[in-house]
Amino acid sequence: MVISDPIGDLLTRLRNATAANHDTLELPDSKLKREILRILLAEGFIKGYEVIQDTPQNRIKVALRYMQSVGQRRIPALAGLKRVSKPGLRVYAPADEIPVVQRGLGVAILTTSKGVMTGKQAKRIGIGGEVLAFIY
């Protein structure tokens, strides 16, 4: 199956899995998805992820993180996921205009000439890039 927007697909799968209260999630592997998941792991939004070697395409198994339980319902660490730059409309930001998400409580994920990183890291280095998503 061909996916025209792999980042949007990743975010939608994460959103749906947390809404359905799943513990894990499997999705097709790509380097960009692994980099985004690396950031989500470092920021504490997911428990972890592993690459499963398979044919014809490898898969990524993601362990989702929940903050606390309220009866049968668990509260996910991922409260919101928003795709910013889309295939039909790319959104770029220079270093001095990188957006702040949820007054600093969220994370902006950017792809830059130095790789995929958070908005805070890009500001510290002084480079801008394409704003992929907001995570909060």
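Is D23 buried, partly exposed or exposed? D23 is partly exposed, because its relative accessible area is 48%, and a residue has to be over 50% to count as exposed. Welcome to this structure, which is a predicted model.

- The side chain of D23 forms a salt bridge with the side chain of R74, with 2.8 Å from N to O.
- D23 belongs to the loop between α1 and β1 while R74 belongs to strand β5, so this pair ties together parts of the chain that are 51 residues apart in sequence.
- R74 is partly exposed as well, with a relative accessible area of 22%.
- If you go looking for aromatic pairs, the count is zero.

**Other salt bridges**

- How many salt bridges does the model contain? The count comes to eight salt bridges, among them the one between D23 and R74.
- Another one joins R34 to D29, again with 2.8 Å from N to O.
- R34 is partly exposed at 29% relative accessible area, whereas D29 is buried at 12%.
- R38 and E35 are about one helical turn from each other, because they are three residues apart in helix α2.
- Both partners are partly exposed: R38 has a relative accessible area of 34%, and E35 has 31%.
- E26, D54 and R59 form one network, joined by salt bridges that share partners.

- M67, V70 and I75 together make a nonpolar surface patch of about 270 Å².
- I75, one of these residues, is in strand β5, which covers residues 73-76.
- I75 counts as partly exposed, because its relative accessibility is 33%.

- Beyond the neighbours within four places in sequence, D29 contacts R34, V51, Q57, N58, R59 and I60.
- One of those contacts, R34, is the salt-bridge partner of D29.

**A122 in helix α3**

- A122 sits in helix α3, made up of residues 119-125.
- A122 is buried, because its relative accessibility is 0%.
- Which residues touch A122, apart from its neighbours within four places in sequence? The contacts are I98, L110, M117 and I127.
- Between A122 and F45 there are 20 Å from C-alpha to C-alpha, and the two residues are 77 residues apart along the chain.

- With a relative accessible area of 28%, I3 is partly exposed.
- Leaving out neighbours within four places in sequence, I3 is in contact with D9 and P28.
- I3 and G126 are 123 residues apart in sequence, and their C-alpha atoms are 33 Å apart in space.

How values were computed: Residues are numbered from 1 along each chain as its sequence is written. This is a predicted model: local features need pLDDT of at least 70, side-chain atom pairs count only at pLDDT 80 or more; totals for chains, interfaces and linings use all residues. Side-chain values use heavy atoms; hydrogens and water are left out. Patches are made of residues with over 30% relative accessible area and no salt bridge: like charges are joined within 9 Å, nonpolar side chains (Val, Leu, Ile, Met, Phe, Trp, Tyr) within 5 Å. Accessible areas come from the Shrake-Rupley method with a 1.4 Å probe; for residues, only the protein chains shown count as cover. A salt bridge is a side-chain nitrogen of Lys or Arg within 4 Å of a carboxyl oxygen of Asp or Glu. Helices (H or I, at least four residues) and strands (E, at least two) are DSSP runs, numbered from the N terminus. Buried means under 20% relative accessible area, exposed over 50%, partly exposed in between (1.4 Å probe, protein chains only). Contact means heavy atoms within 4.5 Å. Rings of Phe, Tyr and Trp (its six-membered ring) pair if their centres lie within 6.5 Å; planes under 30 degrees apart count as stacked, over 60 as edge-to-face and the rest as tilted.
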